[in-house]
Structures are given as structure tokens and as C-alpha cells.
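The sequence and structure come before the text.

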Amino acid sequence: MSDSPDPLADPHTVFDTTEGRRSVVVLGSTGSIGTQAIDLALRNPDRFRVTALSAAGGRVGLLAEQARRLRVEAVAVADEGALPALREALAGQYGSEPQPEILAGPGAAAELAASPCHTVLNGITGSIGLAPTLAALEAGRTLALANKESLIVGGPLVKAVAKPGQIIPVDSEHAALFQALAAGTRADVRKLVVTASGGPFRGRSRAELEQVTPQDALAHPTWAMGPVITVNSATLVNKGLEVIEAHLLYDIPFDRIEVVVHPQSYVHSMVEFTDGSTLAQATPPDMRGPIAIGLGWPGRIPDAAPAFDWSTASTWEFFPLDDEAFPSVGLARHVGELGGTAPAVFNAANEVCVEAFLSGRLPFNAIMDTVTEVVAAHGSDAQGTSLTVADVLEADAWARARARETAAKYSGGAAGDDAAQPAEARA
């Protein structure tokens, strides 16, 4: 690694050494990460107590059910319009019993992230997760980070406030790297190898991707995820974001971070050491394992996720990345090296294009064509480590507007206002 004294994520450093039952705030509780985290907490009541929940507001019935079952102190929804339905759902769950405190609005998740607890699990999807990430770090909470966009759009901001060991990654790839890195010192590391399933379109050429539909893209062969992340997996944008995230989390240069396609999704990532050894972290595809690392580290949670049945024969395959059909990883490396607000532009333009694709207003290949044009139009800037939240928000807004304008020529019309909305935890 570089000469920087402390990477953002370091398995050798524990930020909060408090022992005993951990209090946890779950952000994005009705999404895929949140529901699995709650399952883990309910199965381990001696290890975890969930104190607060937040969600976007689209599934208030589930949110109220979770709150009642966990006996949380507070619940929050980002959509203030969902507040009446949430109150009604809570009344149905609690009856005459005292209800939790209710928060609503775009700042509600950040307010919960700063509330008293041991760990904040940020399972929100999209760049709206940046404010809760910063709030949790500034409040001195351990941050179990599934919201990769926090680092993508605001890497310097996160690095400025995070303490050594304060961030524990929850993405399966970064949880894998985190565990493998525990086997050696920073000086021992030669390369990070991030694995990719290849998504539903592995092996197809660019020409063969012209007519794929949203339904095709959402049919992921190994993982069950929300629609935005699933489309990002189909374009491999998700893998590009993970390359940037690996660079920021582990302080490894981009030229020492490799992507390899592994269709079975058994090996979640690998670390190559200077002596030629490569350590791979492998489990069946199940996010409860990485979530358990995020919530329980440096301890391990027994039976958090299924293990392999070694009595059954299996084949594990690895293939090089097809950069021509899937140019997203190369573009992500480029914007990561540019730094400043370039990653925020990349992320925002992609969010707009994914929403347009899901609604049938943009062809699949035009997602990356549009993002590439927006990134090129933005160019580089000089913020560097002086990046501010205002810079990020301004770049985000510019990129969304430019992406809608650019996408219109591929879709035969306006990309639409819906595409301007940031992706949230699917709740």
C-alpha cells in the first residue's frame, strides 16, 4: 500500500472496543441489505439490539412490522409524504402500546445515524447515502458500510472525518478483501483482485446487448438484489464502483486492482501477496456473511450464513473481463484517477440512465454511452482533498441534467423527470 499511515478500512484496527451486546441503527431497513441485517439481529439477540430504523418510505407496512418486532426507539422515512401511512401502519402494529419516535424528511436518516449506538449499518442505495455516512462518522459511530456511493461521490470528505478502523465494508467483495488482508501486513500486499459474476449478460458481445430488456437485465444468475444494483451488475458499473471503493478503502493504487469474472460467485475477492501467495475469501452467495462481518468484527457470528457442502462436486471458473462489451470498469478507473467531482458525475449520470432504462426509455448500451459522454463533458477539476459537500451536490445536479439531455438522443425523446430522482434504498 502507499505511505499513507491509515487506510479507511483496516482489519487490524478496531475503532470501538466496547464489549457486550451492540446497539445498531439500520438505514435502508426495508431493502435487501436491511432485511437481511434484521434477520441476523433477530437470530442473535445476545449480540445485537437494533435501536432505530430508516427507509425510503415505499414499504411502510414492513417498516412498522420491523419496528414492532425489534422494539426500536425511533423510525424514519425519507419521503415526508409517506408519514400518514407510516403512522397508520404503526398504530396497527402497536395498538395502545407506546410507539417509537418518528422522523421524516431527507435529513431523517442522517439524524438517526448520529443517534447513540455502537454501529450504524448504512444499507441505503445511491448518493443520498453520503450525508448519513458523514453523520455516523462525525458522531463517532462504527460504520458498517454497504452504501458504496458514499465513497464514490465523497471520498475525500469521508477520508477527512473517518478514524482508523471506523469503517467496516459490507459489500461482499470488500468484506472479502477485508478478511483476506487480515492475513498480512500492508507491505505484504501486491495486488487486490475483485471478482465479478459477469451478470446476466456474461459472454455477450456489444452487438448482442443492443436489444436486451429491463426484464433480461434484472434476471441476475446468482444474487437477489434491488433493481438499481442489479442493472449496475448487468452493465458492470457496480464493479467499476467497487474498484474505486477498493482504492479508497485500502489505499491501493488503481494499477494494482484487477477485476476477474467468476460466474459462480463463490470467491468474493482475493488478495495477492508479494511472496506469490493469493488468499481468496469464499462462501456461497449470501449477503448475511458480509453483514455479519460489518456488525460483529473483530468477532464472527456463528452460522451467520450457509457454508459449502464439500461432499458435493463443483466447478469454479475465472475469466478475463471483456472491456469492449463492458467498458464501465475502465471508465470508472479513469474517473477515480481524475478524482475531485468526477466520480460523483459518473455515479449521478449512471443513476439517471438506469432509471431511464428500467422505465423503457433508454436502450441498454446507451446507459454507458450516455455516462461516457457526460464524464467527457465534465472533464477534470481541481478540488482534490479540498472537495466540499456543496461541490458534490453541484456536480451531481449538473450530471443529472446533462445525462437527461444526452440520453434523449438515444431514447428518441426526453429522458423524463423520473430519471432525475436519486436512487434510494428500494423500500
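In this predicted model, F201 and F364 are both buried. For F364 the relative accessibility is 4%, and because burial means under 20%, this residue counts as buried. F357, at 1% relative accessibility, is buried as well.

The rings of F201 and F364 form an edge-to-face pair. F201 sits in the loop between β8 (189–196) and α8 (214–217), while F364 belongs to helix α14 (residues 364–378), so the contact ties together parts that are 163 residues apart in sequence. F364 also pairs with F357; the planes of these two rings stand at 70°, so this pair is edge-to-face too. The geometry of both pairs is listed below.

| Pair | Centre to centre | Angle between planes |
|---|---|---|
| F201 and F364 | 5.1 Å | 85° |
| F357 and F364 | 5.6 Å | 70° |

In total, the structure holds eight aromatic pairs. Y266, F308, W310 and W316 make up one aromatic cluster. A charged side chain also meets a ring: R68 lies over the face of Y94, at 6.0 Å from the ring centre.

Three cavities of 30 Å³ or more are found in the whole structure.

The largest cavity has a volume of about 80 Å³. Of its 13 lining residues, V14, F15, G165, I168 and W297 are the closest to the centre. Its lining has six nonpolar, four polar and three charged residues.

Notes:
Residues are numbered from 1 along each chain as its sequence is written. Side-chain values use heavy atoms; hydrogens and water are left out. Rings of Phe, Tyr and Trp (its six-membered ring) pair if their centres lie within 6.5 Å; planes under 30 degrees apart count as stacked, over 60 as edge-to-face and the rest as tilted. Helices (H or I, at least four residues) and strands (E, at least two) are DSSP runs, numbered from the N terminus. Buried means under 20% relative accessible area, exposed over 50%, partly exposed in between (1.4 Å probe, protein chains only). A charge sits over a ring if NZ of Lys or CZ of Arg is within 6 Å of the ring centre and within 35 degrees of the ring normal. On a 1 Å grid over the protein atoms alone, a cavity is a set of points where a 1.4 Å probe fits but cannot get out, and a pocket is an open set with protein on both sides within 12 Å along at least five of seven lines; lining residues have an atom within 4 Å of a point. Grid points are joined across faces, edges and corners, and a volume is the space filled by probe spheres set on the points. Ala, Val, Leu, Ile, Met, Phe, Trp, Tyr, Cys and Pro count as nonpolar, Asp, Glu, Lys and Arg as charged, and the others, Gly among them, as polar.
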